[in-house]
Amino acid sequence: MNRPPVDAACHPPELPALHAQAFPMLSPDQIRLAAPYGEEVRAPAGTVLLQSGGQEGAFYIVLDGYVEVLESEPDGTQHSLLMHRDGEFTGSLDLFTDRPNAVTARADSDSRLLCLSRAGLAQLLLAEPVLADIVLRAFMLRRIGYLRRRPYGGAISRGGVMADGAAVPRSGAAAGQADPVLDLAVIGGGPAGLAAAAYAASEGLHTLLVGGSLCGAEAPGTQALPGFPGTITGLCDGGLLRRAETQSRRFGSHVMPVRVATAFDSTSYPYRVWLDDGQMIEARSLIVATGLVEDGSGEGNTAWLDGCLDTDDRGCILTGRAAAGSMQARAYESSQPGVFAVGAVRAGSVKHVLASIAEGAAAVRFVHRFLDASAH
């Protein structure tokens, strides 16, 4: 088989800090664990596995061969982003959302692959915690790394996102000046908050992730994933947020992994949030992803909001029509316009990690809509 050399050319040279966890190589034993959840397929060289802009989704583990990942330019031309080799896998957070594929994946050589459907991947991640930790870390880091590979530029489309997936800066500050007001503050560093911050930053929103929270688990009894307990601790142990902080500083996005929100002022706009070190931040919109309190009561971690948002009898935040009583209510939006809730802290949410990731990613599009409307 004619293969490219196994060296730095297989992966973007500009991502050395992300390489180890963003592009992990599964061991033979780990691949055997995954095998019952999918089927082995053969793909001749040139076979398109995933099409940019399409809605079809699958997760591929390369058993033998090479899979190239390509990105489309506004004029329709494609360029290579990276090459997956034996033991590596395709995919990103988009597998958990209804967003179209951001990239194209095709077999670069005659290849043998393990193919898992979206449902099969979900079953695998919920049943195999070790694999879940590896895959979810990789998916998060790939989204964050996308900021570095794809700086601002390209054709503009609706919602603050370029037609080719790049980002549109929204800040109203003059060129070369920092805007002290954030487009979005994401409060809570579990899976929902991390996904929301990763998508928001990669789509051009001036974003801050306040990673700490007062909760110990986003959904007690439902998230036995080593690196994703719903709090910041496991994520920092694995280096995920430290890497996110390093990467995001260059793109108008910031991470405060150990800070905790202590108070919220809904009476002024932009909104104000106070942190446990006395800092006050201002933001045009908020995503609350603080999960549940750690005492096992199942109550939402919302005491810091001081009754500013409508909640159910457990303190979980009401959203959409349940909060606004209006047919025009935006999904995930609370009783306070521009303040959204995702993950276990949202009343009526499905309490497991994959659903939390999907909610965090999905809420960002509604943040864009709110910001568009408020700008006019």
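This is a predicted model: local features need pLDDT of at least 70, side-chain atom pairs count only at pLDDT 80 or more; totals for chains, interfaces and linings use all residues.
## A pair of strands

Residues are numbered from 1 along each chain as its sequence is written, and side-chain values use heavy atoms, with hydrogens and water left out.

Strand S7 covers residues 111–117 and runs antiparallel to S1, to which five bridges join it. Strands here are DSSP runs of E with at least two residues, helices are runs of H or I with at least four, and both are numbered from the N terminus; two strands pair if DSSP finds at least two bridges between them.

## The sheet and its helix

S1, S7 and S3 form an open sheet in the order S1-S7-S3, with antiparallel pairing. Strand S1 (39–43) and strand S3 (58–64) are the edge strands, each pairing on one side only, and from one strand to the next the twist averages 35 degrees.

Helix H3, made of residues 118–127, lies across S3 and S7 and runs at about 80 degrees to S7; such angles, from 0 to 180 degrees, are taken between the N-to-C directions of lines fitted to C-alpha atoms, for helices over the stretch in contact, where contact means heavy atoms within 4.5 Å.

## Ser109 in its loop

Ser109 is found in the loop between strand S6 (104–107) and S7. Its C-alpha atom is separated by 8.9 Å from that of Thr47, 62 residues apart along the chain.
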